[in-house]
Amino acid sequence: MIAAPAAAQDYTSGAFSGDVRDTSGASVGGATVTITSNQQGFTRTSTTSGGGAFRFPGLAPGDYSVAVSSSAGDTTETVRVAASSTTNYTLVVGSADVVGEVVVTGSRRNLDFSTATTGVTVNVGQLMAKVPVARNLNSITLLAPNAVPGDDTFGNSASLGGSSVAENAYYVNGLNITNFDNYLGSAPVPFDFYESIEVKTGGYPAEFGRATGGVINAVTKSGTNTFTAGIHLNWDPDSLSQNAPNTYQERNSLDEREAFSAVFEAGGPIIHDRLFAYGLVEFRDNKATDVGLLSGIRTTDRDKDPIWGFKLDAYPLDNHHFELTYFDTETQRERVDYRFDNATDTLGALAGRTLFNSGGVSYIGKYTGNLTDWLTLSAAYGVSEDQFEVLPQESRNLVRDANYVAISDEQGGEISSPYDTRREFVRADVDIYFDLFGSHHVRAGFDREENELFKVSYPTGPDNVGAGLPQVTTPGGVQYQQYICGVDTPQCDTGGLVVGDAYFGVSFYNVGGTFVGENTAYYIQDEWKVTPQLTVNLGVRLDQFVSKTADGSTWLDFDDLWAPRLGFAYDVLNDGRTKVFGNYGRYFLPIAAVTSFNAFGSAISFAEYWKTDGTFGDGMVPNLTDQIVDFTGGDTCPFPIFGVDGRNCSVIAAGNVPGGDSFVSTNLEASEEEEFILGVSHRLGDLWTLGLTYTHRNLLQNVEDSAIDDAVNAYCVAEGIAGCGDIWGGFGQYVLVNPGEDVTVTLNSPINGESTLRTVTFSGESLGYPKAKRKYDAVEFTFERALDRGLAFQGSYTWSDSRGNTEGFVQSDYAQTNAGTVIDFDQPGFTEGAYGNLPNHREHQFKLWGSYQVTDAFSVGANAVLASPREFSCLGNYPDVNRPEFFYGHYSRYCLGRLQPRGTGLDGAGLESDWYKNVDLSLRYNLSLPGGFGTTLRADIFNVFNFDSITDRDEYGENDFNSDAIRPEYGMPIGYQRARYVRIGMDITF
């Protein structure tokens, strides 16, 4: 037997380790330790080392019976093993004894000294049985101490450790289900399929990567030796729901929400102790109705497709485990829009129907073999599919007013079909245990995934723009955007319009193709128990990211991303109760597939500008009169939409697929973040565990797209080359760069009469962009009281400071989901005033949840959150009408021509959301029915006090191209926390 320290395990398995001592506290060597799965029956046996240590790696999550036999005596214990963690016990054999003043009376659970990972792990079934939590992965994630709900635009997805909501990685049974299109969330999984969910908020070991936020690692249920079945009914009736206050945009008082689900699950042995199965199917009927005050549209969404999954586990021998997981979450949501008269509450004519296809089929097969006491091997293969198709059923144009509110029957305005993602992956890992100057657990492995995005997007409408043109793959309609003239608006000055007049932008876009990315990683980590008190983790990870164009050629290849992971854990008193720990790590983020889509999808995106007679035709399409041509700052149109050729357009993309060397700086480095953690945790008696942790994160570099036109023109002036301004007029060339760093890139057009393209190096100073900055500091205090006399609870207080000039992969202020290509560094002027407290900054957060068993049959639970406000800005037009920033519209940090630093409101007056306050309550009553059926009646009351905290405000101080006055809607609430609602349900098990 080779002694080894506690084993930090992989995505799906855990470990049980510890030491055996007699009643005097002396180590007991040569003891036989036997562990038996209470669910699946397999048994493993080990012998303690001379120091009394033992270990059982590669265990499936669940409950185990442990028996110790030794010359000093025997003992038994029941323990629980969780995925991706180590359960550590000191097992005491013999009768109680007195040694000096120390009385050793029995076994005890110790803290986990194998890792410095921070976060929270929950058993989903146990949590839902006692505590009120919404039935989705995000609600579990938000239980983590430093988790913050993101912007309403992103579905309040969790921001972890100060990162944007699009920087997390999601796994289920080792399968990466992260949405690699824009990294917002993950592929859906049936909620009742989850057995446990671990939220790693920092300090994760080398086998985890491709995230600069956190890692959400889930394990599904499995069959056992006991046949079980259950029916779970959940109903959120609209009649028991309240509505949030109205906003100027939405008439929330007329909202309707109704959700019902019936889950049928069963599991058990196919062959006792050897082969097990578990499966479930969920029948759903979810319905939501909203009424827009500005749009005059009542929208009803309904989703009633079933989802299902199953898991097979085989143990042909006790030390060999085969598992197969499969789930299918393909659903179709139907949206029906009707005209609605808010003055008379009268429902009008049908405005449109849209179908949304989502979900897909995912599966993973895995093998784990404990070949010897010192060697474990595992291998896995899997596929995850998802879809995001948007299919309007009528061909109508989208028309928006100057406040960007849809006034047409068409509310979405875009067809996205096909829009599918597919990830295929393979991985292999090895665990080796040996003694050399202490005990070592070396874990190493690799994984490789191929990610494929297939997407085509274009506007709705009957116009058939682009038909027959080679640069347009799919002809489509146009979109109409109303603008109001302000002082010095170029389109109005040229078109003879005066302040207050309305005109329209008529835009067309088309982009699509199949885009492949390949992510590969190699890692090795040594968990080295230097002494009985000190464990050191020495790890390193090599990430490699490849992105390809639609024709399969590689446009980006990061092949040397080395990420150290260094940590320690120290048992201060050598009693397993006080742990001091620290960690240093670096993390890299892959390029999102949407970047390939936008850059290499033969994208066309531009707009003409037209006068109007003020009237509207069918579908609220404006009646256009004269095209506005030759306005100051205009770009050459790729082709006419309704007008004429010339410099009469605003052009975002002209349909030319750039070469990779024209779009990517040759010295580009991947987005990278470093992290420092220092903490202490203490087990106080048998009930309490306390923790105090400091975390510092620093964004070392970020990948963003930036216009290089200023630098090109300065270069041409220095070289005495004329005519560059005609090509690089502000929107001529966008390049993926590390903001603030030097850029070496091939110009996208020839200059000086040359036939070849020049490759030029521009200094960071000449480009005019500052370095991307994001810093996060946090202090977390955590506490947990184990179940005793019916009472159990845990919670946290977190102080944090999140500041910088970029939020990260997405942009909350402007609701941008184009991960890695948001507006932050598009033009130098957008960085002015950008540094400040970021959208996910919440200085104070208090979280508390738990339950109390009032009687044997009746229990109550609660879940409470208190968080400080989010800070907002004033967003308006760039004041220099001769700069390209102006032609983006109200996306700068200027209002009334004055700089408004991030998060300070208008002229420093401040603009904030409310303190977020929420208390949920649960009631449970257990019944025993004839025939051995166990029944639980459930009621969960969410936001029991019906708090109506403002969560979002209108940050746009000005209309596009008009800086004459502050919009009256500026600062108004546009989002509230969800009002009180009730979920009632029943569980029947047998």
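Which residues are linked in a network of salt bridges? They are Asp151, Asp813, Arg870, Arg893, Arg902 and Glu955. A salt bridge is counted when a side-chain nitrogen of Lys or Arg lies within 4 Å of a carboxyl oxygen of Asp or Glu. Side chains of opposite charge can pair when their charged atoms come close.

The model is predicted, with local features needing pLDDT of at least 70 and side-chain atom pairs counting only at pLDDT 80 or more, while totals for chains, interfaces and linings use all residues. Residues are numbered from 1 along each chain as its sequence is written, and side-chain values use heavy atoms, leaving out hydrogens and water.

Across the whole structure, a search finds 56 salt bridges. One of them joins the side chains of Asp301 and Arg335, at 2.9 Å from N to O. Asp301 belongs to strand S21 (residues 297-303) and Arg335 to strand S24 (residues 331-341), so this pair ties together parts that are 34 residues apart in sequence. Strands here are DSSP runs (E, at least two residues), numbered from the N terminus. Asp301 is buried, with a relative accessible area of 10%, whereas Arg335 is partly exposed at 26%. Buried means under 20% relative accessible area, exposed over 50%, and partly exposed in between (1.4 Å probe, protein chains only).

Strand S24 also holds Glu334. Glu334 forms a salt bridge with Arg353, their closest N and O atoms being 2.7 Å apart. Because Arg353 lies in strand S25 (residues 346-358), the pair ties together parts 19 residues apart in sequence.

A further salt bridge connects Glu449 and Arg423 (3.2 Å, N to O). Glu449 is buried, at 2% relative accessibility, and Arg423 is buried with a relative accessible area of 2%.

How values were computed:
Helix = DSSP H or I, 4+ residues; strand = E, 2+ residues; numbered from the N terminus.
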